[in-house]
Amino acid sequence: MKYILVTGGVISGIGKGIIASSVGTILKSCGLHVTAIKIDPYINIDAGTFSPYEHVVPHITDAIQEWVMKQARVPVDDDEVEPQVCVIELGGTVGDIESMPFVEAFRQFQFKVKRENFCNIHVSLIPQPSTTGEQKTKPTQNSVRELRGLGLSPDLIMCRCANALENAVKEKISMFCHVEPEQVICVHDVSSIYKVPLLLEDQGVVGYFSRRLDMHIEGRPRKMLAKWKEMADRLLEHCSIALVGKYTKFSDSYASVIKALEHSALAISHKLDVKYVDSADLEPGMLQEDPVRYHEAWQKLCSADDFYFCNILDANSTEFDPESKHPVVIDMPEHNPGQMGGTMRLGKRRTIFKTTNSVLRKLYGDVEYVDERHRHRFEVNPELIGHFEEKGLHFVGQDVEGERMEVIELDDHPYFVGVQYHPEFTSRPIKPSPPYFGLLLASAGKLPGFLQKGCRLSPR
């Protein structure tokens, strides 16, 4: 097993995830079996119940190493072959208190797995102040020095910069960070993040990994990168989608949803424009507190094509009002409110389509069932199913036992679809998630034609 650790310095949100994904893409394109791990440096009994605005602090290095080694060997490809390479993205910024136990775990880990099986990519920032226009290397020098002080030495320094790195700057980083010039990689801003794998491949990253990790890698990546290039170079129209959420101040809070929307937009040659609406701004109390925010939020929401009314007065969820007289959403019978994470319905579950006339079934390729990932502890109140269906809202997908409602569709609507599972978790750039893909097709006015053609896009 070969391990590639991606760390970051200077600022958070520098692009470690994109670098990790791009490295994985080019290695997979070379014919290798590749897996990936994303570590958010929070130590908590159930970090999945965190608000994105929360942070927690420390412990346990041995457990971290054991978990990484175990998880790295889980097959992720359809052929069930054990991965050969594991790309690990360590979240946060080197020097942050919450990431310290993880950095220490990997300092020990590099010796446990041996040098030829471990390398470190450090992603750093090269700012270019407008006052001088000069690319500055000092933040990177300081970040690398801090990383070395913690016991990790970068094998590749990937420099995030607005413009292509000047040769003199690259040589300066090489000299003062104690690496060869070929180990300094320029990752400047590009028009699409899907061009980043091509950028890395052009700078000889594949050859470096082949030598450094003693791997036999094909000379150049296979046809897969050609698809990426074609996808990244498309002429794009714009498509606007409104996203109503609880944590819209941080776009990363809904990263998987945004990526699924982007994948779907790319598939129809559109550029995604997301309009975030904070759900708190829609509440009646906001009208008194900040009328401008209240009206702006409702204006964005009312620009949607349609609304759906069931005429259930005081409809609510038991999550918000346990004593609600009309609980449309209820907690699952086996759920124990005293243990938030332990009783969630988690992981891959099967959904059976109950009709052949479902839009979502057609988008999935007219299959009888789908396996998608779940993460929830609330469900639709089964006592109200008849009431919903009288109004034209049909539950076209259910779980294997027929007890849980998994997919709903509304009659006579361009695209009104709801699912209990999280389809964004299985979306990929070249294979978008069908529910999200349907939304983008409908938004662009292409869904009816797509369905008539047997769910096939034009060659373009």
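## Ser 174 and the end of helix α5

In this predicted model, Ser 174 has its place in helix α5, and with a relative accessibility of 9% this serine counts as buried. Apart from residues up to four places away in sequence, Ser 174 touches Val 179, Glu 180, Pro 181 and Val 184.

The loop between α5 (167-176) and β6 (184-188) also holds His 178. Is His 178 buried or exposed? With 62% relative accessibility, His 178 counts as exposed, whereas Ser 174 counts as buried at 9%. Most residues other than glycine have a negative phi.

## The protein as a whole

The protein has 15 helices and 16 strands, and of its 460 residues, 45% are buried. Among the contacts with a separation of 6 or more, 70% are accounted for by residues 24 or more positions apart.

The structure holds 0 disulfides.

Once its neighbours within four places in sequence are left aside, Lys 2 is in contact with Gln 84, Val 85 and Cys 86, with Glu 116 and Asn 117, and with Leu 213, Asp 214 and Met 215. The distance from Lys 2 to Val 113 is 8.6 Å, C-alpha to C-alpha, although these two residues are 111 residues apart in sequence.

Asp 77 is found in the loop between α2 (61-72) and β3 (85-90). This aspartate is buried too, with a relative accessible area of 15%, and its contacts, leaving aside neighbours within four places in sequence, are Lys 28, His 33 and Val 34.

## Helix α2 against helix α3

The axes of α2 and α3 (residues 100-112) come within 9 Å and cross at roughly 60°, and the two helices are therefore oblique to each other. The crossing of α2 and α3 is right-handed. On the α2 side the contact is made by Thr 61, Asp 62, Ile 64, Gln 65, Val 68 and Met 69, and on the α3 side by Pro 101, Phe 102, Glu 104, Ala 105, Phe 106, Gln 108, Phe 109 and Lys 112. By type, the residues of this contact divide into 8 nonpolar, 3 polar and 3 charged.

## Helix α1 against helix α8

Helix α1 (residues 16-29) and helix α8 (residues 224-232) have axes that come within 8 Å and cross at roughly 135°. The pair α1 and α8 is therefore oblique. Which residues make the contact between α1 and α8? From α1 they are Thr 25, Ile 26 and Ser 29, and from α8 they are Met 224, Leu 225 and Trp 228. Of the residues in the contact of α1 with α8, 4 are nonpolar and 2 are polar, with no charged residue among them.

In passing α14, helix α9 makes a right-handed crossing. Helix α9 contributes Val 257, Ala 260, Leu 261, Ser 264, Ala 265 and Ala 267 to the contact, while α14 contributes Tyr 436, Phe 437, Leu 439 and Leu 440. The residues of the contact of α9 with α14 divide into 9 nonpolar and 1 polar, with no charged residue.

The loop between α9 and β8 (270-278) is the place of Ser 269. Its phi is near 60°, which is a positive value in a residue other than glycine, and Ser 269 is buried, with a relative accessible area of 7%.

Conventions
Residues numbered from 1 in each chain as written. Predicted model: local features only at pLDDT ≥ 70, side-chain atom pairs only at ≥ 80, totals over all residues. Heavy atoms only, no water. Left-handed = near helix turned anticlockwise from the far one by under 90°. Helix = DSSP H or I, 4+ residues; strand = E, 2+ residues; numbered from the N terminus. Contact = heavy atoms within 4.5 Å. Nonpolar A, V, L, I, M, F, W, Y, C, P; charged D, E, K, R; others polar. Buried < 20%, exposed > 50% of the residue type's maximum accessible area, 1.4 Å probe, protein only. Disulfide = S-S within 2.5 Å. Axes fitted to C-alpha atoms, helices over the stretch in contact; angles between N-to-C directions. Parallel < 35°, antiparallel > 145°, perpendicular 65-115°, else oblique.
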